[in-house]
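The following dialogue is meant for a reader who meets this structure for the first time. Please keep the sequence and the model in view while reading.

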Amino acid sequence: MKQKLEALELELRADLKKADSRDALEGIRIKYLGRKGHVMDLFQDMGKLSAEEKPKAGKGINRFKQLVQDGLKQRQVELGKLTKQKSLNKAGTFDITLPSVRRELGRLHPITLVIDEISSLFVEMGFQIVEGPEIETEYYNFEALNIPLEHPSREAFDTFYLDASHVLRSHTSPVQVRAMEKLKPPLRVLVPGKVYRPDAVDASHSFMFHQVEGLLVDENISMAHLKGFLSVFARKLFGEQTLSRFRPHFFPFTEPSVEVDVTCILCQGKGCRVCKGSGWLEILGAGMVHPRVLEAGKIDSSKYSGFAFGMGIERVAMLKYGIEDIRLFYENDLKFNRQFGG
Ligand code: DAH
């Protein structure tokens, strides 16, 4: 019996190895487990054995039966895999000569690149990066910045209202007051973020864009400091040859207020289409923080003074990279997005 079992085990292994289809496997099943199969024969042989030999033989046969069942299952799984591979090859969907699938590394969006660059220039000058909410109260967006309800300049900051007292912030300036409430002077903060205005979308307008706000408060701060910081900044961002000029302007939250121009980065001040022949490009608004704004931030305006500025990121990115349509920033076209940064 023992020898018989050993011989059958070898035969079984050879049969399984050869089997290359479901039909072949079924043939094996019948050969070994069928009504007239080997296992049945073995049990019949067992009947002829003595009472002492029977249990041992029974165990051996059952073990063999299990071996057949396991072997069939395993071979079926192997065949399944092989067939799949074969049909892939046949259909031509798996060509081992093709280059492998490449995992592309992501890149930073040009807006992120410009925010990062501006942020690190100001961090070098001792500023800390602070963020504020995009859903803002009317108080921080307007009142605290010296723009009362009836103030005509409120129209210049055309605004999305969410309800009677909440807006989508129309500029990053509200974070000035939030920062002053939290931090004691001397303070230097830089606030990048999204802002919203109900503007019709065209090549230079969008209902959402990015700004960066700067605020410095300390004792004895004057326009000279503002001019110094912003001139250094403009040279670092646009190149050493860049000059800045300050033009008087009006903002409710600064007094005096200025608009800052830099020499046109395309024509170096000679005059071209982009700077409309003037040689200068306006890049930001700035001024000395209005005493009322300092007081809204719980800062003693008789002891401290400060400067603030606000700049549109898209505009800087468009100038820096020569982009002519603001909408390109938001279309998520990878052919566009991939062109910037390292
Ligand atoms: N908040 C202004 C705007 O959105 C920009 C601005 C002007 C910010 C002057 C300032 C500033 O901090 O001092 O148009």
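**Reading the model: loop, domains and ligand**

Q: In which loop does Asn 220 lie?
A: Asn 220 is found in the loop between strand 6 and helix 8 (223–238). The model under discussion is predicted.

Q: How is the protein divided into domains?
A: Domain bounds come from an automatic or database domain assignment. Here domain 1 covers residues 2–91, and domain 2 covers residues 110–337. The centres of domain 1 and domain 2, taken over C-alpha atoms, are 81 Å apart.

Q: Which residues come nearest to the ligand?
A: A residue is counted as near a molecule if one of its heavy atoms lies within 4 Å of it. In this model there are 16 residues around the ligand, and those that come nearest are His 171, Ser 173, Arg 197, Gln 211 and Glu 213.

Q: How do the residues of the shell divide into nonpolar, polar and charged?
A: Six residues of the shell around the ligand are nonpolar, eight are polar and two are charged.

Q: How much of the accessible area of the ligand does the protein cover?
A: On its own, the ligand has 350 Å² of accessible area, and the protein covers 92% of this.

Q: Where does the ligand sit, and which elements give two or more residues to its shell?
A: The ligand takes up the space of the largest pocket. Strand 6 (208–218), strand 9 (280–289) and strand 10 (305–312) are the elements that each give two or more residues to the shell.

Q: Where are cis peptide bonds found?
A: Pro 186 belongs to the loop between helix 7 (174–182) and strand 5 (187–196). Another cis bond runs from Glu 255 to Pro 256, where omega is near -5 degrees. Pro 256 has its place in strand 8 (residues 254–263).

Technical notes. Residues are numbered from 1 along each chain as its sequence is written. This is a predicted model: local features need pLDDT of at least 70, side-chain atom pairs count only at pLDDT 80 or more; totals for chains, interfaces and linings use all residues. Side-chain values use heavy atoms; hydrogens and water are left out. Accessible areas come from the Shrake-Rupley method with a 1.4 Å probe; for residues, only the protein chains shown count as cover. On a 1 Å grid over the protein atoms alone, a cavity is a set of points where a 1.4 Å probe fits but cannot get out, and a pocket is an open set with protein on both sides within 12 Å along at least five of seven lines; lining residues have an atom within 4 Å of a point. A molecule sits in a cavity or pocket if more than half of its atoms lie within 2 Å of its grid points. Helices (H or I, at least four residues) and strands (E, at least two) are DSSP runs, numbered from the N terminus. Ala, Val, Leu, Ile, Met, Phe, Trp, Tyr, Cys and Pro count as nonpolar, Asp, Glu, Lys and Arg as charged, and the others, Gly among them, as polar.
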